[in-house]
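Here are my notes on the model, point by point. Please read them with the structure open.

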Amino acid sequence: AVTNPTPFIESLSQRHILRDSSTFILSIFGTNFIPETTVEFVINPLEPPNVKQVTYYSPTELRVEIPASDLTKTGMFAIVVKNPGPGGGTAGRQFNVINPVPTTTNINPNTILAGAGSDSEPGEENTFVDVYGTNFTPDETVVLWDGDLRPTEYISSTHLRVTLSVTDLLYTGTHEITVENEPLIQISLDIFEGVDFGGEEP
């Protein structure tokens, strides 16, 4: 009896793509592909197979369209190639949907009086800093203060608001505000002693 071979994936035309990208064509390179080979884009193994329309080019190349609807969440997914029986088999490769790299353009305020909030009424002692940039996401973007997470409010893809406590601002010095998707982008925030600026305190 004639049996189908077991497929093997050698490489993908790309191993990752940015979250919320447009529909694209993924090329799959390997061996033992046949016209009946199917391709699944596995987002959640517990859900029904996400089978894609396959263009069979040769025993060593397949092409499949990945729609934008599959690219709305970040994570590690799988490209699964299957040959039907008799014989046949399955091969898989990891495919990542990643966040774009965040950029920071400005923070407001960029100077704060040391001890800010220490004389405030309970519940009003926190200081808020607005961080502006690009590629912020509602679920994954966070702000760190000297490497430690701080409460972060997502306002838009270009605007975050971070909450700093009284203890964050006790001493003068330069601190790092870090915006994290992956990788990390850093900018500085200076805390100055209370001095007379010739007007209202910043």
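1. A definition comes before the charged pairs: a salt bridge is a side-chain nitrogen of Lys or Arg within 4 Å of a carboxyl oxygen of Asp or Glu. Side chains of opposite charge can pair when their charged atoms come close. By this rule the protein has 7 salt bridges.

2. Some ground rules. The model is predicted: local features need pLDDT of at least 70, side-chain atom pairs count only at pLDDT 80 or more, and totals for chains, interfaces and linings use all residues. Residues are numbered from 1 along each chain as its sequence is written, and side-chain values use heavy atoms, with hydrogens and water left out.

3. Overall make-up. The protein has 0 helices and 18 strands. Of the 202 residues, 36% are buried. Buried means under 20% relative accessible area, exposed over 50%, and partly exposed in between (1.4 Å probe, protein chains only). A contact is a pair of heavy atoms within 4.5 Å. Among contacts with a separation of 6 or more, 64% join residues 24 or more positions apart.

4. Which residues are linked to Arg19 in a network of salt bridges? Asp20 and Glu140 are. The Arg19–Glu140 salt bridge has an N to O distance of 2.7 Å. Arg19 lies in the loop between E2 and E3, and Glu140 in the loop between E12 and strand E13 (142–145), so the pair ties together parts that are 121 residues apart in sequence. In the salt bridge from Arg19 to Asp20, the closest N and O atoms are 3.7 Å apart.

5. Is Arg19 buried or exposed? Arg19 is buried, at 15% relative accessibility. Asp20 is exposed at 55%, and Glu140 is partly exposed at 27%.

6. Surroundings of Arg19. The loop that holds Arg19 runs between strand E2 (16–18) and strand E3 (24–31). Leaving out residues up to four places away in sequence, Arg19 touches residues including Leu71, Thr72, Lys73, Val97, Ile98 and Asp139. The side chains of Arg19 and Glu140 also make a polar contact of 2.7 Å. A polar contact is a pair of N or O atoms within 3.5 Å; within protein, one must be able to donate a hydrogen and the other to accept it, and residues adjacent in sequence count only if both atoms are side-chain atoms.

7. Glu40 and Lys82 form a salt bridge, with the closest N and O atoms 3.2 Å apart. Glu40 sits in strand E4 and Lys82 in strand E8, so the pair ties together parts that are 42 residues apart in sequence. Glu40 is buried at 10%. Lys82 is partly exposed at 31%.

8. Two cores. A nonpolar core is a set of buried Ala, Val, Leu, Ile, Met, Phe, Trp, Tyr and Cys residues joined through side-chain atoms within 4.5 Å. The largest has 20 residues, and those with the most contacts inside it are Leu26, Ile28, Val39, Ile79 and Phe95. Strands that each supply at least two residues of this core include E3, strand E4 (38–42), strand E8 (75–83) and strand E9 (89–98). A second, separate core of 14 residues includes Ala116, Val131, Phe136 and Val143.

9. An open sheet. Four strands form it in the order E10-E12-E16-E15, with antiparallel pairing. Strands pair if DSSP finds at least two bridges between them. Strand E10 (103–108) and strand E15 (152–156) are the edges, each pairing on one side only. E12 (residues 127–134) and E16 (residues 159–164) pair over 6 bridges. Thr127 stands opposite Leu164 in E16.

10. Backbone points to check. Most residues other than glycine have a negative phi, and most peptide bonds are trans. The Gly85 to Pro86 bond is cis, and Pro86 lies in the loop between E8 and E9. The Asn108 to Pro109 bond is also cis. Asn32, not a glycine, has a positive phi of about 65 degrees and lies in the loop between E3 and E4. Asp146 has a positive phi of about 50 degrees and is partly exposed at 40%.
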